[in-house]
Amino acid sequence: MAYCILTIVTINTINKYDKIERKEQVMDHKYIIKGGHPLHGEVVIGGAKNAALGIIAGSLLTDDEVIIENLPDVRDTNVMLEALKEIGASVNRIDSHTVSINAANVEAVSIDDEYIRKIRASYYFIGALLGKYHKACVPLPGGCAIGSRPIDQHIKGFRALGTHIQIRNGCVQAGAGDGLHGAHIYLDVVSVGATINIMLAAVLAEGRTIIENVAKEPHIVDVANFLNSMGANIKGAGTDTIRIRGVKKLHGTTYAVIPDQIEAGTFMCAAAATRGDVLIRNVIPKHLESISAKLLEMGNTIIEYDEAVRVIGREVQRPTDIKTLPYPGFPTDMQPQMSVTLALAKGTSIVTESIFENRFKYVDELARMGSSIKVEGNVSIIDGVETFYGASVNALDLRAGAALVIAGLCAEGFTMVNEIGYIQRGYEHFEKKLQALGAAIELVEDRREAMKFRMRVG
Ligand code: UD1
């Protein structure tokens, strides 16, 4: 197509395939867990993956150097960084959580490889490339198979900004002639991805853009703050309406990503489910309120500090009902982990999944561990059991995988969680952080290594 420029394959891109190949092999790795050890101690939460993904793409919007701090070193962020390199940006790791990006020499607006196709956030390259170069050619996004996940609202926004869009051969091809212009956009569904993507496209558009019915997640605010630190003029992030006054140019910045709400919530559930006592540090307690509220209703103790929360799991926990909603409602990305916690409470809980229609697949895996959960449409009815029993289970997707690890930590005997590459998309050193809290968990390559672990921990 006219606006697709072929990417030049360089030594860098060859190294990229080697590196990602190694990461892909990790998909076959497993966690072996001996349950029954309540978690105790302190854990430090990393940067928010979903904010970082928007910020990495946003670094394309300036020719100056952008330094991103508190960047989680997880598979999804690494795939995004490699994609930036592929189109000619210079990407240098200052340390494991700090990266310097300079997009002055970007030479292609077409991104396509099988790895970028697999991650959801590849769609942010459409908004960023359109914003800067007025054209983009990016594969339709992949990501966890938790529902149909259309991107019609993204496309509606880009079109309103003056972009011509067509889908060809699995790719979104977008072009805006001489440039984008501001527009008044109403989102028909509250979408995190569409909100961030339209912001990325609109910050350099001519005139004023108003986006209504936007998502309010902490990472929306973080991406807006990042863009404002580059000279953008975005107001209202965190409310239902975002107003953007287009600027001519953005400049470089040094920006630290906020802590990850979902990683923190996962450790909160792990502490409660194992009946442990964990201080979860480097968090913004306000972002965790919906999770804290539910754990409190279950009878757990939650103590909030300025940048930490302590969760003390109660021995006999009460059931409660949950409905996933856009922020500040209960996050869909915490539904599996909280469901596992509820599956060990005394009584019946009802969980309604209102964001993604296919997010209960892990229930069949959990049943292999002795849970009692019935799914009817987008509702699950959880009858709490006294304990789980170790089994071999498959991660299936990122958050389902984390939930099954929590189940393994609580189970009698040994649990093997297969296909942990999903978990590594969004959790950095998950097993190491759990080990430091007293969990008996190990990352193993095969059943032989798993057997050695079994013999060692008895
Ligand atoms: C993002 C997160 C994901 C999280 C989700 C909801 C990233 C990379 N992923 O995903 O972890 O679970 O937010 O908090 O940040 N929808 C449409 N049309 C669209 C866009 C969305 O109908 O154009 C629907 C979706 O099918 C879904 C709902 O809107 O039912 C919310 O989706 P959205 O907020 O866009 O999720 P993602 O950005 O895909």
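K235 is exposed because its relative accessibility is 54%; exposed means over 50% relative accessible area, buried under 20%, and partly exposed in between, with a 1.4 Å probe and protein chains only. Keep in mind that this is a predicted model, where local features need pLDDT of at least 70, side-chain atom pairs count only at pLDDT 80 or more, and totals for chains, interfaces and linings use all residues. Residues are numbered from 1 along each chain as its sequence is written, and side-chain values use heavy atoms, with hydrogens and water left out.

**Positive patch**
- K235 sits in strand β11, residues 233–235. Helices (H or I, at least four residues) and strands (E, at least two) are DSSP runs numbered from the N terminus.

**Salt bridges**
- A salt bridge here is a side-chain nitrogen of Lys or Arg within 4 Å of a carboxyl oxygen of Asp or Glu. That rule gives a count of 14.
- One of them pairs K433 with E263, with 2.7 Å between the closest N and O atoms. This pair ties together distant parts of the chain: K433 is in helix α15 (residues 430–436) and E263 is in helix α9, 170 residues apart. Both K433 and E263 are buried.
- K286 bridges to E289, and their closest N and O atoms are 3.4 Å apart. K286 counts as exposed because its relative accessibility is 52%, whereas E289, at 39%, is partly exposed.
- E297 and K294 form a salt bridge at 3.2 Å, N to O. Both lie in helix α10 (residues 289–297), three residues apart, or about one turn of the helix. E297 is partly exposed at 38% relative accessible area, but K294 is buried, with 17% relative accessibility.
- K49, D76 and R425 make up a network of salt bridges.

- As a rule, most residues other than glycine have a negative phi, and most peptide bonds are trans.
- You'll find R275 in the loop between α9 (261–273) and β14 (277–281), and it is buried because its relative accessibility is 15%.
- E419 also isn't a glycine, yet has a positive phi of about 60°. E419 is in the loop between β22 (414–418) and α14 (421–424), where its 33% relative accessibility makes it partly exposed.
- The Y327 to P328 peptide bond is cis, with omega near 10°. P328 belongs to the loop between β17 (322–323) and α11 (335–342).

- M451 and I32 are 419 residues apart in sequence, but their C-alpha atoms are 9.1 Å apart in space.
- M451 lies in helix α16, residues 447–457, and is partly exposed at 46% relative accessible area.
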